[in-house]
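Subject: Handover of a structure

Dear colleague,

Please find the structure below, handed over for your use.

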Amino acid sequence: MKIVSWLREESHRTLAGVIVSAAVLVCSLAGLRPGHFDLAWIAVALCGVPIVAGAAKALWFEHDIKADLLVSLALIASLAIGEIFAAGEVALIMQLGTLLEDYTAGKARSGIEKLVQLTPQTARVRRDGREVIVPAEQVKAGDTLLVFAGERIPADGILLSGETTVDQSAITGESMPVDKKPGDEVLSGTVNGFAAFEMTARCSCGDSTMQRMAQLAREAEKNKAPIVRLADRWASWMVVAAVTIAILTAIITRQLIRGVTVLVVFCPCAFVLATPTAILAGIGGAARHGVLIRSGESLERLSKIRCAAFDKTGTLTCGHPAVTHIENFTEEWSESGLLRLAAAAEQHSEHPLGKAIAAAGRAQCGELPALENFSLMPGQGVRATVEGKDVIIGKISCLMEQGTKFTAEEYKKMQSAQQRGETVTAISANGQAVGFFTLADTLRPEAKPMIDALFQSGVTPVLLTGDHEASARAAASAAGIREVRFDLLPEDKMQAVQAYTREFGPVCMVGDGINDALALSTASAGVAMGATGTGIAVESADAVLVGDELARLPYLFFRAQHVMKKVRENLILSLAINFVAVMLSVLGLLSPVTGALMHNCGSVFVVVNAALLLREK
């Protein structure tokens, strides 16, 4: 039963047919003919019949001439003159090429559909004065929803009551969580930080941001032109040339077998093998160096890239806030002492900024002192007693509301940091302002050298981010990127990719989040970060950087170009071998069997030449 189930897939049936056909052809060549039956007929039936049937269907129903038509003519002609082994051999080589193409095609992309799954399946709705849980698709515009801490927001809407912090990085790409208060807008698919709130739905779940993204991504994928197999591109003239030469040869020499031999050696076996073998070797070699490439089509698209568009948060940057600077206002507190005090106050905080300060304190100061009277001020900061001191740490406005006063110089320093795109967290002890911390999403160490390498290779880098202008320009300046677009929603990123495609040519989008899935699908090619990237970004991309090694990106573009160069080499040399074989066939120096063997020398050369890609460093 397992074998029957395995054979239900077409690729498995093709593989089984190739294995059996290879075995019976070896037996036929060795002269094993039970009951005078030529075992090569089995290879013709298993590998040849599907080719002839497919060519006939394409010609009759689709009026399309493919390379399989020429193979079918050669098979039929060989059988007509009794050259069964030659027919089986050609059919086997062609099916082997098809099998390799299917193998390198990769899995179908399923990431787009996962966009829909990120929207919660249920929603808490207040109806008739009570709370009910309903399927998310039943949410309508105007419904009042209740969202608990840690939950994804089921629909776009407006906050009615409660204050919280929302992680919008998946949708907008903002590196820092965003504080929300009544009247602020919230988006479906974003995550509620730590406090429950009520909201009113602005639209139905079906019209939400996440659903629109999924629909746009499907359309972008549908509009991306497929890459046609090279042998099929040239099939029309190949059929005409082969038939013309075969007929003229048979008429002039008055030997039908010479005409049949021409058809056999004209078969595009090397054409069919040239692309998949080189691509298979190219993908395998890249995987050894930390780059996973999805398919042959992906490689071809990556080889033509003229512009690389980068997401900021989690792609060019590490994707999480870190303490970048400590400023003390009085000599009483050293930088390390200030960090120890702030980390102690924040050690029970669930806010991402508080966690970053606590982590920095543990890393630099070791064990933190105990705290008492911890209280959370949602969206503002925290208050606690540390070693007898009343400590407040949070937004500047929060400390001022609690009675802390800043001098003009202190306030100017904090404002300057904010204008540079950094997040400022101020701290006071016993009502006196003692300093502040700046936090930012730091640039990856390898980002700047990688951008320089792209410029040198002729690829123009650009930055597309949902983050605000100051943060975007700061990251771009540090990385060496001159072209920047900021405050972009997923749809805006998609439109920016389309605009850059018109300006520069084929664009590669490099990203890691849900908000990048649309741009990854729309771009000529997409590259996702393997470690920090969401499943949707990874499955929407043509290549994945394992371990988030951005330094591998220039190598990826070079590798793709080299593989396609190898494909062209294989095609030119196999054409030369085919030309010699045709001339020898016309002169009568080759029979269908010897012609097929010589013709397949080109196929062997293609495989060996492609395998050399695996040895490259």
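The crossing of helices H14 and H15 is left-handed, a term used when the near helix is turned anticlockwise from the far one by less than a right angle (right-handed if clockwise). Helices here (H or I, at least four residues) and strands (E, at least two) are DSSP runs, numbered from the N terminus.

Please note that this is a predicted model, in which local features need pLDDT of at least 70 and side-chain atom pairs count only at pLDDT 80 or more, while totals for chains, interfaces and linings use all residues. Residues are numbered from 1 along each chain as its sequence is written, and side-chain values use heavy atoms, with hydrogens and water left out.

To return to the two helices, H14 covers residues 335-346 and H15 residues 352-365; their axes come within 8 Å and cross at roughly 130°. Axes are lines fitted to C-alpha atoms, for helices over the stretch in contact, and angles run from 0 to 180 degrees between N-to-C directions. H14 is therefore oblique to H15; angles under 35 degrees count as roughly parallel, over 145 as roughly antiparallel, 65 to 115 as roughly perpendicular and the rest as oblique. On the H14 side, the residues in contact (heavy atoms within 4.5 Å) include Leu339 and Arg340, and those they meet in H15 include Ile357 and Gln364. The residues of this contact comprise seven nonpolar, four polar and two charged. Ala, Val, Leu, Ile, Met, Phe, Trp, Tyr, Cys and Pro count as nonpolar, Asp, Glu, Lys and Arg as charged, and the others, Gly among them, as polar.

A second pair is H18 (residues 447-456) and H23 (residues 553-586), whose axes are 9 Å apart at an angle of about 30°. H18 is therefore roughly parallel to H23. Met450, Ala453 and Leu454 of H18 make the contact with Leu553, Pro554 and Phe557 of H23: six nonpolar residues, no polar and no charged.

Strands E1 (residues 122-127) and E2 (residues 130-135) run antiparallel and are joined by six bridges; two strands pair if DSSP finds at least two bridges between them. Val125 has Val132 in E2 as its bridge partner. Two residues lie between the strands of this hairpin, where Asp128 takes a positive phi near 55°.

As to confidence, the mean pLDDT (the predictor's confidence in each residue, from 0 to 100) of the protein chain is 78, and 81% of its residues reach 70 or more. Confidence is lowest in helix H6 (residues 111-118), at a mean of 46, and highest in strand E18 (residues 460-464), at 93.

Yours sincerely
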